[in-house]
Amino acid sequence: LNYKKGDVYSISMKMNQDMGGLAKSVMTLGMKQEITETTKDGYSCSMKIENVKMDVTQGDKINSYDSSKEIKEDDAFAAQMQQTLGGMLSATMLMKGNNLGEVLDIKIEPNVPGMEQMMNSNESVIYPKEAIKETSIWTMTRDQNGIKMNFNYTVKEISKETILLLINGDASGVASGTISGNMIIDRNDGV
């Protein structure tokens, strides 16, 4: 990672969860990250969640929550999500990490129960120490809260400005499933 002090990033994170036919959920977080300090070995930043959207499908029924919209009086689901997720919108995450993307420390101010756990489980890719090229592959395993996640990263394409990573893997333990997605990374700053 090649952050510069004062850099500001808009981040969108989308998480899909399929609970085997019982229910499906899609949660989207919009965040802002500001780099507050850089050293030769890493960085410090502050992050703030700016909006949260969640859609939960159970059978034919879809319940939705969007923190940017006013909650209707008769919408019990949105009211419950506002109570559960609303605290995230007031919190600031202070993080320190190294240049490979490993998060070394995280603090939440004010403390919002469950938020640190959620942010730790969604930390980004950790880059290899070796230089990469098209077809490079590396793996990473993360063990958290009884769930072991195995990630495989494959460099699909390198252009003048970006790197396309394909991500796949699996999760096992108290929950199981597959992991799939992609990332487009800026070559200049590694984000």
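In which strand does tryptophan 138 lie? In this predicted model, tryptophan 138 belongs to strand β7, which spans residues 137-144. With a relative accessibility of 10%, tryptophan 138 falls under the 20% limit and is therefore classed as buried. Beyond residues up to four places away in sequence, the contacts of tryptophan 138 comprise Val125, Ile126, Tyr127, Pro128, Ile132, Phe151, Asn152, Tyr153, Val155 and Leu165. Isoleucine 126 also takes part through its backbone oxygen, which the side chain of tryptophan 138 reaches at 3.0 Å.

A polar atom of the serine 136 side chain lies 2.8 Å from the backbone nitrogen of lysine 133. When neighbours within four places in sequence are set aside, serine 136 contacts Tyr153, Thr154 and Val155.

Side chains of opposite charge can pair when their charged atoms come close. One salt bridge is counted in the model. This salt bridge joins the side chains of lysine 40 and aspartate 41, with an N to O distance of 3.7 Å. Lysine 40 has a relative accessible area of 72%, over the 50% limit, and is therefore classed as exposed.

Methods:
Residues are numbered from 1 along each chain as its sequence is written. This is a predicted model: local features need pLDDT of at least 70, side-chain atom pairs count only at pLDDT 80 or more; totals for chains, interfaces and linings use all residues. Side-chain values use heavy atoms; hydrogens and water are left out. Helices (H or I, at least four residues) and strands (E, at least two) are DSSP runs, numbered from the N terminus. A polar contact is a pair of N or O atoms within 3.5 Å; within protein, one must be able to donate a hydrogen and the other to accept it, and residues adjacent in sequence count only if both atoms are side-chain atoms. Contact means heavy atoms within 4.5 Å. A salt bridge is a side-chain nitrogen of Lys or Arg within 4 Å of a carboxyl oxygen of Asp or Glu. Buried means under 20% relative accessible area, exposed over 50%, partly exposed in between (1.4 Å probe, protein chains only).
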